[in-house]
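Look at the charged side chains in this model. Which of them pair up, and where do they sit?

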Amino acid sequence: RAFGYSQVPQFDPFLMLDDFHTSNPDEYLAGFPWHPHRGIETITYVLEGLVEHGDSMGNAGVIGAGDVQWMTAGSGIIHQEMPKGDSQGRMYGLQLWANLPQSQKMMAPRYREVKNADIPHIVQPDGVVIRIISGRLNGISGPVRDVVIDPEYLDVEMPADTRLYHPTPPGHTAFIYLFKGRVRVDDLDLQPGSLALFEDGDQVHIQAQASSARFLFISGKPLQEPVAWRGPIVMNTQDELRIAFSEYQNGTFLKS
């Protein structure tokens, strides 16, 4: 877990980021059987392997390397995610949870499956490749749009000794999560598995070191609202949490 729980105020509107990778099927085949969510969005990005999924709205399918599952739980959804690995048993994915504002906590749930081929990319003159999952860059928009927190979700690959200057909306929370190579951010040298949270500003500067690097760049508009979080459900008050779990137990959890 790159961040979560106690770091929530710093990363608002994001709740947590998990990095799951292994070549041992015993560590992932149990998967995540049917479970509920309410009040959040879950974003799963597969780098290696396969994930079979299904939900209470009737969606079902498989996402593989380079694919994204962007699920808005809203008023409530029940789903499962079952990793299968690739032909060599490898499984690698990243899952981000994003919060929803109080005014949208009970919005109708929706599900978006984005295939690798549908994600646009930009190749800069120095060889830096930026895949745009959500957000807009150089006049090109990612396939995931109309999200409440106005997120930017980019997958960036940098050749050795290249630099990236990337604009950021003032007031937005912005961070990178490095999962390959080494980069330098200000006076910090980051290694794989490292996360850097940026201060407020209008541009970030990232420099790849002696080898190629790959990372997620993520930003979003803070909600500045109270967070009441228990397991897979995130609301604004403890009473709302109590109601959600009571409804799940008595069979009235799903609203649409």
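Lys 115 and Glu 113 pair through their side chains in a salt bridge, with N and O 3.2 Å apart. This is a predicted model. How accessible are the two partners? Lys 115 is partly exposed, at 30% relative accessibility. Glu 113 is also partly exposed, at 31%.

The structure holds nine salt bridges. Turn next to Glu 247. Its side chain bridges to Arg 38, and the closest N and O atoms are 2.9 Å apart. What does this pair tie together? Glu 247 sits in helix 2, which covers residues 238-250. Arg 38 sits in the loop between strand 3 (32-37) and strand 4 (40-48). The bridge therefore joins parts that are 209 residues apart in sequence.

Are these two partners buried or exposed? Arg 38 is buried, with a relative accessible area of 2%. Glu 247 is buried as well, at 15%. The cut-off for buried is under 20% relative accessible area, so both residues qualify.

Glu 247 has another salt-bridge partner, Lys 255. Here the N to O distance is 3.1 Å. Lys 255 is partly exposed, with a relative accessible area of 41%.

Arg 38, Glu 247 and Lys 255 are linked in a network of salt bridges.

Technical notes. Residues are numbered from 1 along each chain as its sequence is written. This is a predicted model: local features need pLDDT of at least 70, side-chain atom pairs count only at pLDDT 80 or more; totals for chains, interfaces and linings use all residues. Side-chain values use heavy atoms; hydrogens and water are left out. A salt bridge is a side-chain nitrogen of Lys or Arg within 4 Å of a carboxyl oxygen of Asp or Glu. Helices (H or I, at least four residues) and strands (E, at least two) are DSSP runs, numbered from the N terminus. Buried means under 20% relative accessible area, exposed over 50%, partly exposed in between (1.4 Å probe, protein chains only).
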